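Please view the sequence and structure below before reading on.

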Amino acid sequence: MSAQRREFLKALGGSALSASFATLFTGCTTMAPSSGKVVIVGGGWGGATAAKYIRMWSDGRVDVTLVEPELDFVSCPLSNLVLGGSSRLADITVSYDNLARRHGVRFVRDTATAIDADKRVVKLARGGDLPYDRLILSPGVDFIWDSVPSLNNAAAQEAILHAWKAGPQTVALRRQLEAMPDGGVFVLSIPIAPYRCPPGPYERACQVAWYFKRAKPKSKVLILDGNADVTSKGPLFKKAWAEEYPGIVEYRPNYTLTDVDVTTRTAKFEVQDSVRASVLNVIPPQRASAIALSAGVVTANGRWCDVDFVTFESVKVKNIHVLGDAIQPATGMPKSGHMANQHAKVCAAAVVALLAGQAPNPSPVLTNTCYSFVTDKDVVHVCSVHQYDKEKKTVLPVPGSGGLSSAMSELEGRYAWNWAKTVWADMLA
Amino acid sequence: MRGFTLIVAAGLALAAVAPSGAQQSDPNLGRAVSATCSNCHGATGVSLGDVPSIAGRTKDELVRKMQDFKAGRAPGTIMPQLAKGYTDEQIDVVAAWFAAQSAK
């Protein structure tokens, strides 16, 4: 390539354009040219889905590199069943192998430590840079440990667990529950919304109660909620607590956690007296993971990332898209795995179109479906449909659509397992 | 009357092929909207459990089922609630896309 042409292509500012111009320069070619490099940070519900769908929808023309430190995907949805003891971690674990083998995703087992948005480069913990045309951050959440000062160190975090990222913490919390003597109190602290998986804490209370009812019937589950009421599926959870777990589950709203005493497993609150637990489970407040800060895409309250809902591109930094729990959601859009999968598909379609020089779909639609297990088999759901509103430039729930289960049922329990297996395959198979 | 409806439907189908509207001109709209269904029904319409697979059913059957859910004529758990969120055009493109998938 001549220096002059190199400068010309550089001036165009992107290999997506360069690729199409290269085709013009070389005339017709029988090989489909690469239409760009996408780097994806985070192999969760958003990132893994985006990786597979970009490869699929670009017919392999877009190079996709996925940066993820873990070898296997562990599902947060259904992980409360591991705490209850009706499932094992292996039941909710899926290998990442097919993303590379079947779909040609380049899997980099590493952690992204910084983003240089000007140079369009991702820096890796083990050294080395990954250049990109478009970057997709699906980084998940970090805990705001400053809000629970005594937990702001590694030793404390191993004693008082969150188990809000499925994996070793899930297994460790199950062990604490198993070791707890009958007659003990499991205390669950819930942060003020928004946080990852709105119904998740209440499902957790059900699953721990399900375990206590069978194995430790004198024990109690005490929910100390920072919110004024149950934030999702309220009537359904309250009915399950009253009918399935009378005398076991107690719910108290407006408990804002200020700190803990690690040694005595005591939770401290803004207003109320401290509460001592046999097993203390603190779900701390959350924000977009630190890598989003490095990329400069955290724009809402210093916690979340505002995006354009047609492309999921950051409203602030060009060529960086953000998916999943890290975004500042549109009205009625929960921080859920299913939602992140849907973000990823809208983003994947837009990225494939943009790299091919086409306009993205101007009217994306997304759905959410969320199943919660109130026993080992009975399930309740909430679902919603979100359509893009061109005038308001956001996605909004469709009036009259969506809703809750009328009652818990085993049928929905079977649908929930179907959902899990099918959506894991949708992302990873 | 049924014949007339079919002719009108055929005319509409042709119109859908012509690049008349922004949505209709996007050849990838079918797969994009159908991707909202695949979390439960599978990436190609084949589910892995109790939820019905929808790949390879006729477009007419799928449209009718979705419209029955939307109008509250068909019972269900989440589908009557979700169907109400889709436009008639989206139901048409989704039905056409899954009808074209292999049922295997």
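At what angle do the axes of helix α3 and helix α11 of chain A cross?

## Helix packing

In this predicted model, the axes of α3 (residues 45-57) and α11 (residues 337-355) of chain A cross at roughly 35° and come within 8 Å. The crossing of α3(A) past α11(A) is right-handed.

On the α3(A) side, the residues that meet α11(A) are A:Trp45, A:Gly46, A:Thr49, A:Ala50, A:Tyr53, A:Ile54 and A:Trp57. Their counterparts in α11(A) include A:Gly337, A:Ala340, A:Asn341, A:Ala344, A:Ala348 and A:Val352. By class, the contact of α3(A) with α11(A) comprises 12 nonpolar, five polar and one charged residue.

## A three-stranded sheet

Chain A also contains an open sheet of three strands, ordered β6-β7-β8 and paired antiparallel. Its edge strands are β6 (112-116) and β8 (129-131) of chain A, each of which pairs on one side only. On average, and with direction ignored, neighbouring strands of this sheet are turned by 25° against each other.

The antiparallel strands β6(A) and β7 (residues 121-124) of chain A are joined by four bridges. Within this part of the sheet, A:Ala112 stands opposite A:Leu124 in β7(A).

## Domain arrangement

Two domains are assigned in chain A: domain 1 covers 3-143 + 287-362, and domain 2 covers 145-284. Their centres, taken over C-alpha atoms, are separated by 33 Å. Contact between them involves 18 residues of domain 1 of chain A and 24 residues of domain 2 of chain A.

On the side of domain 1 that touches domain 2, the elements giving two or more residues are α4 (80-84) and β10 (141-143) of chain A. The most comes from α4(A), with five residues. This side of domain 1 has 10 nonpolar, six polar and two charged residues.

## Residue A:Trp145

A:Trp145 is found in the loop between β10 and α6 (154-159) of chain A.

Apart from neighbours within four places in sequence, A:Trp145 is in contact with A:Leu151, A:Asn152 and A:Pro284. A:Val64 lies 81 residues from A:Trp145 along the chain, and 33 Å separate the C-alpha atoms of the two residues.

How values were computed:
Residues are numbered from 1 along each chain as its sequence is written. Chains are lettered from A and ligands numbered from 1 in the order in which they are written. This is a predicted model: local features need pLDDT of at least 70, side-chain atom pairs count only at pLDDT 80 or more; totals for chains, interfaces and linings use all residues. Axes are lines fitted to C-alpha atoms, for helices over the stretch in contact, and angles run from 0 to 180 degrees between N-to-C directions. A crossing is left-handed if the near helix is turned anticlockwise from the far one by less than a right angle, and right-handed if clockwise. Two residues are in contact if their C-beta atoms, placed from the backbone, lie within 7 Å. Ala, Val, Leu, Ile, Met, Phe, Trp, Tyr, Cys and Pro count as nonpolar, Asp, Glu, Lys and Arg as charged, and the others, Gly among them, as polar. Two strands pair if DSSP finds at least two bridges between them. Domain bounds come from an automatic or database domain assignment.
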